[in-house]
Amino acid sequence: MQWFDYAAPASLAEAVSILAGHPDARLLAGGTDLLVQLRSRRKQTSLVVDAKRIPELSELTYDPAKGLTLGASVACYRIYNDAAVRAA
Ligand SMILES: Cc1cc2nc3c(=O)[nH]c(=O)nc-3n(C[C@H](O)[C@H](O)[C@H](O)COP(=O)(O)OP(=O)(O)OC[C@H]3O[C@@H](n4cnc5c(N)ncnc54)[C@H](O)[C@@H]3O)c2cc1C
(Lines give C-alpha, C1' and ligand atoms only; values in the text may rest on other atoms or scores of the structure.)
Protein backbone atom coordinates (compact mmCIF):
# COMPACT_ATOMS: atom_id res chain seq x y z
CA MET A 1 0.00 0.00 0.00
CA GLN A 2 1.19 3.53 -0.69
CA TRP A 3 2.37 5.71 2.18
CA PHE A 4 0.02 8.41 3.42
CA ASP A 5 -0.20 10.78 6.37
CA TYR A 6 -2.99 10.43 8.91
CA ALA A 7 -4.95 13.15 10.68
CA ALA A 8 -7.64 12.76 13.34
CA PRO A 9 -9.34 16.14 13.76
CA ALA A 10 -11.34 16.69 16.95
CA SER A 11 -13.85 19.15 15.51
CA LEU A 12 -15.66 19.87 12.27
CA ALA A 13 -13.84 23.20 11.94
CA GLU A 14 -10.46 21.49 12.23
CA ALA A 15 -11.50 18.85 9.69
CA VAL A 16 -12.66 21.47 7.20
CA SER A 17 -9.41 23.39 7.63
CA ILE A 18 -7.33 20.25 7.02
CA LEU A 19 -9.40 19.25 3.99
CA ALA A 20 -9.18 22.76 2.53
CA GLY A 21 -5.39 22.54 2.65
CA HIS A 22 -5.16 19.07 1.09
CA PRO A 23 -7.29 18.72 -2.06
CA ASP A 24 -6.38 15.02 -2.44
CA ALA A 25 -7.27 14.11 1.16
CA ARG A 26 -9.70 11.23 1.72
CA LEU A 27 -12.09 10.96 4.63
CA LEU A 28 -12.04 7.75 6.61
CA ALA A 29 -15.06 6.40 8.44
CA GLY A 30 -14.83 2.63 8.97
CA GLY A 31 -12.27 2.20 6.22
CA THR A 32 -13.85 -0.94 4.72
CA ASP A 33 -14.10 0.71 1.30
CA LEU A 34 -11.32 3.28 1.48
CA LEU A 35 -8.51 1.04 2.74
CA VAL A 36 -9.35 -1.66 0.20
CA GLN A 37 -9.31 0.95 -2.58
CA LEU A 38 -5.99 2.45 -1.40
CA ARG A 39 -4.43 -0.97 -1.08
CA SER A 40 -5.46 -1.92 -4.63
CA ARG A 41 -4.44 1.59 -5.83
CA ARG A 42 -7.89 2.28 -7.21
CA LYS A 43 -7.72 5.49 -5.12
CA GLN A 44 -4.67 7.53 -4.19
CA THR A 45 -4.12 10.06 -1.44
CA SER A 46 -1.34 11.71 0.50
CA LEU A 47 -3.54 12.22 3.59
CA VAL A 48 -6.27 10.19 5.28
CA VAL A 49 -8.53 12.22 7.55
CA ASP A 50 -10.25 10.12 10.23
CA ALA A 51 -13.82 11.34 10.79
CA LYS A 52 -14.52 9.16 13.83
CA ARG A 53 -13.28 11.63 16.46
CA ILE A 54 -15.43 14.53 15.24
CA PRO A 55 -18.26 14.95 17.75
CA GLU A 56 -20.53 16.75 15.27
CA LEU A 57 -20.41 13.69 12.98
CA SER A 58 -21.06 11.22 15.80
CA GLU A 59 -24.50 12.42 16.82
CA LEU A 60 -27.09 9.68 17.30
CA THR A 61 -30.39 10.91 18.70
CA TYR A 62 -33.99 9.85 18.34
CA ASP A 63 -36.89 12.12 19.15
CA PRO A 64 -40.44 10.99 18.25
CA ALA A 65 -41.31 14.54 17.17
CA LYS A 66 -38.12 15.35 15.25
CA GLY A 67 -37.13 11.89 14.10
CA LEU A 68 -33.74 10.21 13.90
CA THR A 69 -30.51 12.17 13.61
CA LEU A 70 -27.47 10.21 12.46
CA GLY A 71 -24.06 11.79 12.02
CA ALA A 72 -21.96 10.72 9.05
CA SER A 73 -19.56 8.80 11.31
CA VAL A 74 -22.06 6.83 13.39
CA ALA A 75 -21.15 3.15 13.31
CA CYS A 76 -23.86 0.56 12.69
CA TYR A 77 -23.27 -1.13 16.06
CA ARG A 78 -24.27 2.09 17.82
CA ILE A 79 -27.54 2.22 15.88
CA TYR A 80 -28.34 -1.45 16.54
CA ASN A 81 -27.64 -1.04 20.26
CA ASP A 82 -29.33 2.31 20.85
CA ALA A 83 -32.19 1.82 23.32
CA ALA A 84 -34.34 4.63 21.89
CA VAL A 85 -33.93 3.40 18.31
CA ARG A 86 -34.75 -0.17 19.32
CA ALA A 87 -37.84 0.92 21.23
CA ALA A 88 -39.13 2.93 18.23
C1 LIG B 1 -15.22 -7.50 2.91
C2 LIG B 1 -16.31 -6.45 2.76
C3 LIG B 1 -17.61 -6.81 3.04
C4 LIG B 1 -18.65 -5.87 2.88
N5 LIG B 1 -19.91 -6.24 3.18
C6 LIG B 1 -20.92 -5.38 3.06
C7 LIG B 1 -22.26 -5.73 3.40
O8 LIG B 1 -22.53 -6.87 3.78
N9 LIG B 1 -23.22 -4.80 3.25
C10 LIG B 1 -22.95 -3.54 2.84
O11 LIG B 1 -23.89 -2.72 2.73
N12 LIG B 1 -21.69 -3.17 2.53
C13 LIG B 1 -20.69 -4.06 2.63
N14 LIG B 1 -19.41 -3.67 2.30
C15 LIG B 1 -19.19 -2.33 1.80
C16 LIG B 1 -18.79 -1.33 2.87
O17 LIG B 1 -18.85 -1.86 4.17
C18 LIG B 1 -19.75 -0.18 2.71
O19 LIG B 1 -19.52 0.45 1.46
C20 LIG B 1 -19.66 0.85 3.84
O21 LIG B 1 -20.60 1.85 3.57
C22 LIG B 1 -18.29 1.47 3.99
O23 LIG B 1 -18.33 2.24 5.17
P24 LIG B 1 -17.02 2.73 5.87
O25 LIG B 1 -17.49 3.48 7.08
O26 LIG B 1 -16.08 1.60 6.11
O27 LIG B 1 -16.47 3.73 4.74
P28 LIG B 1 -14.98 4.21 4.37
O29 LIG B 1 -14.26 3.12 3.65
O30 LIG B 1 -14.29 4.80 5.55
O31 LIG B 1 -15.40 5.38 3.36
C32 LIG B 1 -16.14 5.12 2.18
C33 LIG B 1 -16.07 6.36 1.26
O34 LIG B 1 -16.76 7.46 1.89
C35 LIG B 1 -15.86 8.53 2.12
N36 LIG B 1 -16.23 9.09 3.44
C37 LIG B 1 -16.07 8.50 4.64
N38 LIG B 1 -16.57 9.29 5.62
C39 LIG B 1 -17.05 10.41 5.01
C40 LIG B 1 -17.69 11.59 5.48
N41 LIG B 1 -17.92 11.80 6.78
N42 LIG B 1 -18.05 12.52 4.56
C43 LIG B 1 -17.81 12.32 3.23
N44 LIG B 1 -17.20 11.22 2.73
C45 LIG B 1 -16.84 10.27 3.61
C46 LIG B 1 -14.46 7.92 2.08
O47 LIG B 1 -13.46 8.84 1.71
C48 LIG B 1 -14.63 6.85 1.03
O49 LIG B 1 -14.54 7.36 -0.27
C50 LIG B 1 -18.36 -4.57 2.44
C51 LIG B 1 -17.03 -4.22 2.17
C52 LIG B 1 -16.02 -5.13 2.35
C53 LIG B 1 -14.59 -4.74 2.05
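How many residues surround the ligand, and which are the closest? Select the ligand in this predicted model, and then its surroundings: the ligand has 14 residues around it, and the closest are A29, G30, T32, D33 and L34. Next, colour β2 (26-28) and α2 (34-39), the elements that each give two or more residues to this shell; the largest share, three residues, comes from β2. If you then colour the shell by class, you will find eight nonpolar, four polar and two charged residues.

Now select the whole protein chain in cartoon view and follow the elements from the N terminus, where the order reads β-α-β-α-β-β-β-α-α, which comes to four helices and five strands. The radius of gyration of the chain is 15 Å, well over the 12 Å that the globule rule gives for 88 residues, so the chain is more spread out than a compact globule. Along the principal axes, its C-alpha atoms fill a box of roughly 45 × 30 × 15 Å, and buried residues make up 6% of the 88 residues.

Where the two domains touch, five residues of domain 1 and four residues of domain 2 take part in the contact, and the side belonging to domain 1 has three nonpolar, one polar and one charged residues.

Conventions: Residues are numbered from 1 along each chain as its sequence is written. This is a predicted model: local features need pLDDT of at least 70, side-chain atom pairs count only at pLDDT 80 or more; totals for chains, interfaces and linings use all residues. Two residues are in contact if their C-beta atoms, placed from the backbone, lie within 7 Å. Ala, Val, Leu, Ile, Met, Phe, Trp, Tyr, Cys and Pro count as nonpolar, Asp, Glu, Lys and Arg as charged, and the others, Gly among them, as polar. A residue is near a molecule or strand if its C-beta atom, placed from the backbone, lies within 6 Å of it. The radius of gyration is taken over C-alpha atoms; the globule rule is 2.2 Å times the number of residues to the power 0.38. A residue is buried if 20 or more other C-beta atoms lie within 10 Å of its own, exposed if 12 or fewer, and partly exposed in between; C-beta atoms are placed from the backbone.
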